[in-house]
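Please walk me through this structure, one place at a time.

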Amino acid sequence: MLLAATSVPSFLQAGEKQPTLSIKNQKIAIDSQWDVIVVGGGPAGCTAATAAAREGAKTLLIEATGQLGGMGTTGMIPAWCPFSDGEKIIYRGLAEKVFRAAKKGVPHEPADKLDWVSINPEQLMTVYDDMVCSSGAKVLFFSRLADVEMASDDTIEAIIVANKNGLTAFKAKVFVDCTGDGDLSVWAGANYFMGNNSDQVQLSTLCFSVANVDSYGYTTNPNLYWENKDSPIHDALKSGKYPLIDQHSCNNLIGPSVVQFNAGHIAMTNSTDPWQISDAMVKGRKVAAEYLRMLKDYQPQVYGNAFIVKTASLLGIRESRRIEGDYVFTIQDWLDRKSFDDEIGRNCYFVDIHIKGYEAKHYGRGESHGIPYRILTPKGIKNLLTAGRCISTDEEALGSLRVMPPSLVTGEAAGLAAALAIKQSKNDVHNIDVDFLRKRLQEEGQYFK
């Protein structure tokens, strides 16, 4: 479904007009020293800022929380999605550097393991801090995008950011939207897609960690994964005693006596609605408590003395807005293992859609598809790129491209492209020399055909 740039707030009735409030005119400070501004400090934002700064652009990374890393840190995802196609590492360049540096925080994982490697969120946070700051990019924490000012229909002049200084207008030559939800793009007037024909979006999850787990018992008792026929999750669901849990029960031992969970589901009809997100955070904490109650009942030797040490500060939203780009990557492209003349990386993750009844689609060993540059360029806006979860795909293809490894890849390409647009095409991201972009990515270690 193609949507316009605005939507009706959820607290209004159908056809009801939103009330407005006139406020007195206020002067807003302007910060115009930047070449590239990246909004959103998740995996894509971190590699975008690093790549732009590495190319010589004066770069600012704006992040709403107080830490970089998004779902891998603030969101507490317990493991990396696979970094290999079963034969070789696929996500290279900055993605591989982040992955290998993060592995130093989980020394219990085998040195040659590439798939489903546990994440120590504090280690990963340090990796992102060091990478971004050493590139020369500046980071502004606790600062949230509030509005977008257009110079014309196709050019962003400035973004309005809210923080402890009040409102500030930040100007740049090129902007990169790594907000996950495509906030910058939508507020700049870009068209977007969300959900499917029945307005359904993928289910969300609030991750959590459990401490004081018996580590030996964890490794010797049946794992909770639904695919394991001996998992106690099967009997727990049949019992009806735990109405908030479901078969989704991914978990990893991230350190001595600490298990981190990506478990449970929370339904929302609009994953960009702040009211629904607020309710989801409250429900997510209840879901975490119910999982621990079930674990104590079914594996007391492992979890009998365990407690929830932390629930995530960031909700795991799997699907929201997908910004319409110059090309829309489709599920047919995924099924065809398609390569592109303008591809800036490869992806091999399976089509992982968290909607009841959906059957995942998988590649065989050694198979992957290309990621075209054109899905990073929002149609009709000159000086804007996207990276991460809000890139231009259809809903099914998003199930493969939404996760952290390909987000690291699209982020690096977008940041490099932003810097090249300033040098090559008067800030127009649609008209850069893509062959040169691919050459520079290959020089930095990226893999594609």
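**An enclosed space and its surroundings**

The largest cavity is lined by Tyr 218, Pro 222, Asn 223, Leu 224, Asn 251, Gln 299 and Tyr 303. The model is predicted: local features need pLDDT of at least 70, side-chain atom pairs count only at pLDDT 80 or more, and totals for chains, interfaces and linings use all residues. Residues are numbered from 1 along each chain as its sequence is written, and side-chain values use heavy atoms, with hydrogens and water left out.

A cavity here is a set of points on a 1 Å grid over the protein atoms alone, where a 1.4 Å probe fits but cannot get out; lining residues have an atom within 4 Å of a point. A search of the whole structure finds one cavity of 30 Å³ or more. The largest cavity holds about 40 Å³ of space. Volume means the space filled by probe spheres set on the grid points, which are joined across faces, edges and corners. The lining of this cavity has four nonpolar residues, three polar ones and no charged ones. For these classes, Ala, Val, Leu, Ile, Met, Phe, Trp, Tyr, Cys and Pro count as nonpolar, Asp, Glu, Lys and Arg as charged, and the others, Gly among them, as polar.

Take one of the lining residues, Asn 251. Asn 251 sits in strand β12 (residues 249–255). Strands (E, at least two residues) and helices (H or I, at least four) are DSSP runs, numbered from the N terminus. Is Asn 251 buried or exposed? Asn 251 counts as buried because its relative accessibility is 2%. The cut-offs are under 20% relative accessible area for buried, over 50% for exposed, and partly exposed in between (1.4 Å probe, protein chains only).

The side chain of Asn 251 makes a polar contact with the side chain of Tyr 218, at 2.5 Å. A polar contact is a pair of N or O atoms within 3.5 Å; within protein, one must be able to donate a hydrogen and the other to accept it, and residues adjacent in sequence count only if both atoms are side-chain atoms. Tyr 218 also belongs to the cavity lining. A polar atom of the Asn 251 side chain also lies 2.8 Å from the backbone oxygen of Ser 249.

Now turn to an open space. A pocket is an open set of grid points with protein on both sides within 12 Å along at least five of seven lines. The second largest pocket has a volume of about 280 Å³. It is lined by 14 residues, and Pro 82, Cys 348, Phe 350, His 362 and Tyr 363 lie nearest its centre. Its lining divides into six nonpolar, four polar and four charged residues.

Next comes helix α3. How far apart are the end C-alpha atoms of α3? They are 20 Å apart, which agrees with the 20 Å that its 14 residues (121–134) should span at 1.5 Å a residue. The expected span is 1.5 Å times one less than the number of residues. The buried residues of α3 are Pro 121, Leu 124, Met 125, Val 127, Tyr 128, Met 131 and Val 132. They lie on the same side of α3, because they cover an arc of only 160 degrees around the axis. The arc is that of the directions from the helix axis to the C-beta atoms. Glu 122 and Ser 134 are exposed on the other side.

Asn 120 caps the N-terminal end of α3, with a side-chain oxygen 3.1 Å from the backbone nitrogen of Glu 122. Just after α3, Gly 136 takes a positive phi of about 100 degrees. Trp 116 lies in the loop between α2 (94–103) and α3. Trp 116 is not a glycine, yet it has a positive phi of about 55 degrees. Phe 142, also not a glycine, has a positive phi of about 50 degrees. Phe 142 is in the loop between β5 (138–140) and β6 (144–152). Phe 142 counts as exposed, because its relative accessibility is 58%.

Finally, look at helix α11. Its 21 residues (404–424) should span 30 Å at 1.5 Å a residue, and its end C-alpha atoms are 30 Å apart, which agrees. α11 is mostly covered, with 18 of its 21 residues buried. Just after α11, Lys 426 takes a positive phi of about 55 degrees.
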